[in-house]
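Subject: Structure handover

Hello,

Here is the structure for you to look through. Please open it first, then read my notes below.

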Amino acid sequence: MSGSYDDSVGVEVSSDSFWEVGNYKRTVKRIDDGHRLCNDLMNCIHERARIEKVYAQQLTEWAKRWKQLVEKGPQYGTVERAWCAFMSEAEKVSELHLEVKGSLMNEDFEKIKNWQKEAFHKQMMGGFKETKEAEDGFRKAQKPWAKKLKEVEAAKKAYHAACKEEKLAISRETNSKADPALNPEQLKKLQDKVERSKQDVLKTKEKYEKSLKELDNATPQYMENMEQVFEQCQQFEEKRLRFFREVLLEVQKHLDVSNVASYKNIYRELEQNIKAADAVEDLRWFRANQGPGMSMNWPQFEEWSADLNRTLSRREKKKASDGVTLTGINQTGDQVSQPNKHSSVSSYEKNQSYPTEWSDEESNNPFSSTDANGDTNPFDEDTPPAMEVRVRALYDYEGQEQDELSFKAGDELTKMENEDEQGWCKGRLDNGQVGLYPANYVEPIQ
């Protein structure tokens, strides 16, 4: 029990026990802590939901960016489809994580919020009704016992003071007997003082014992009343603990996407797409579409035609066909026969001239702007130069060919020509190097 004691006793009885006066406040505080823990759990779930949303957005952005890069890159055939399957996987997983975010906020978060509102009732003067009821219950149960404890403390203090006074009176009487200067009257007074102090000791001791006995008799009722209020607090806390366990299990189910049937299907489909990649099939496709298996317009005699004014060069035929293979021109030159379409390797290829494209007529040189007679090439396009624009790199890019630029994210360069059909732009670095780069790797500088 709490209380002050004489140093001479040398007994320490104060403790941190629940039964000490006022120590029930920790149990009362637990009710307020329960309300705060609801807020903490909601904040925890809200942050996790935000992480799920950001992750889903990043997956979508990653998938979009790399899908474009792969489609515009040199990879082809079944391996390209297998590679792109990763981007499809990312898009589907992104949708699942958005569903997780929705479940966390719309179900778990709202469930905690509603339970908290039903379990804790705010008062006009502040605090919660449940806290005040617990506080009043403990105070009422402890008040009678605390009053008797106070009487015990007072009786003990009086008894200890009487004992101290008795000891002091006896000491003075003993010392006076050895002092010849004291007369009998003074000695008599000291002896009377000793006698009175002994009587005070007996009286205070009796009162102390009596008050302590009364306290002991009141203790069982005190413990019963305190236990009753404490049990009510335990029941309230048990509801919260069981509710938290229930919510955490639901959160676990929402986070565990591995148990979602569609999640398993995503990776089953991804595995199938990867295993479907066939090197032999891709090599066969490349041979037929970009190798020796391609059709060829072998050189043949072409009659001069007044309508055409001159013979078309092999390079100009390809340019005029715009991705269509010319099968030949008839003898009269009145019309061109129906072309046969062929597919390209990839949109990654740029409009470039290749050293294999040649003409046996010097006047038909594809790099010359005039024909043999000095006339203007009718197939040249009068395209005015595009206005140069300053742009900034969004990503790092390492040139794959000699005519491509390399730069780092944040570098600035000058766009010299607009984006072509394959998604490439012509630009110039600040060091003067001119080359091609992917159009979607930069943004205009405002």
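**The sheet and its strands**

Val391 has Pro444 in β7 as its bridge partner. That residue pair belongs to a protein model that is predicted: local features need pLDDT of at least 70, side-chain atom pairs count only at pLDDT 80 or more, and totals for chains, interfaces and linings use all residues. Residues are numbered from 1 along each chain as its sequence is written, and side-chain values use heavy atoms, with hydrogens and water left out.

β3 and β7 pair in the antiparallel sense, over 3 bridges. Two strands count as paired if DSSP finds at least two bridges between them. Helices (H or I, at least four residues) and strands (E, at least two) are DSSP runs, numbered from the N terminus.

β3 also pairs with β4. β3 covers residues 389-393 and β4 covers residues 412-417. This pairing is antiparallel too, over 4 bridges. Val389 stands opposite Lys415 in β4. Arg392 has Glu412 of β4 as its bridge partner.

How many strands form the open sheet, and in what order? There are 5, in the order β6-β5-β4-β3-β7, with antiparallel pairing. β6 (434-438) and β7 (442-444) stand at the edges. Each has a single partner strand, so one side of each is left without a neighbour in the sheet. Neighbouring strands are turned by 50 degrees against each other on average, direction ignored. Axes here are lines fitted to C-alpha atoms, for helices over the stretch in contact, and angles run from 0 to 180 degrees between N-to-C directions.

**Two helices**

α1 (residues 25-72) packs against α3 (residues 129-177) at about 170 degrees, with the axes 9 Å apart. That makes α1 roughly antiparallel to α3 (an angle over 145 degrees). On α1, the contact (heavy atoms within 4.5 Å) is made by Lys25, Thr27, Val28, Ile31 and Asp32. On α3, Glu130, Thr131, Ala134, Glu135 and Phe138 make the contact.

**The whole chain**

The protein chain has 7 helices and 7 strands. Along the sequence, the pattern is α-α-α-α-α-α-α-β-β-β-β-β-β-β. Among contacts with a separation of 6 or more, 69% come from residues 24 or more positions apart.

Best wishes

Methods:
Angles under 35 degrees count as roughly parallel, over 145 as roughly antiparallel, 65 to 115 as roughly perpendicular and the rest as oblique.
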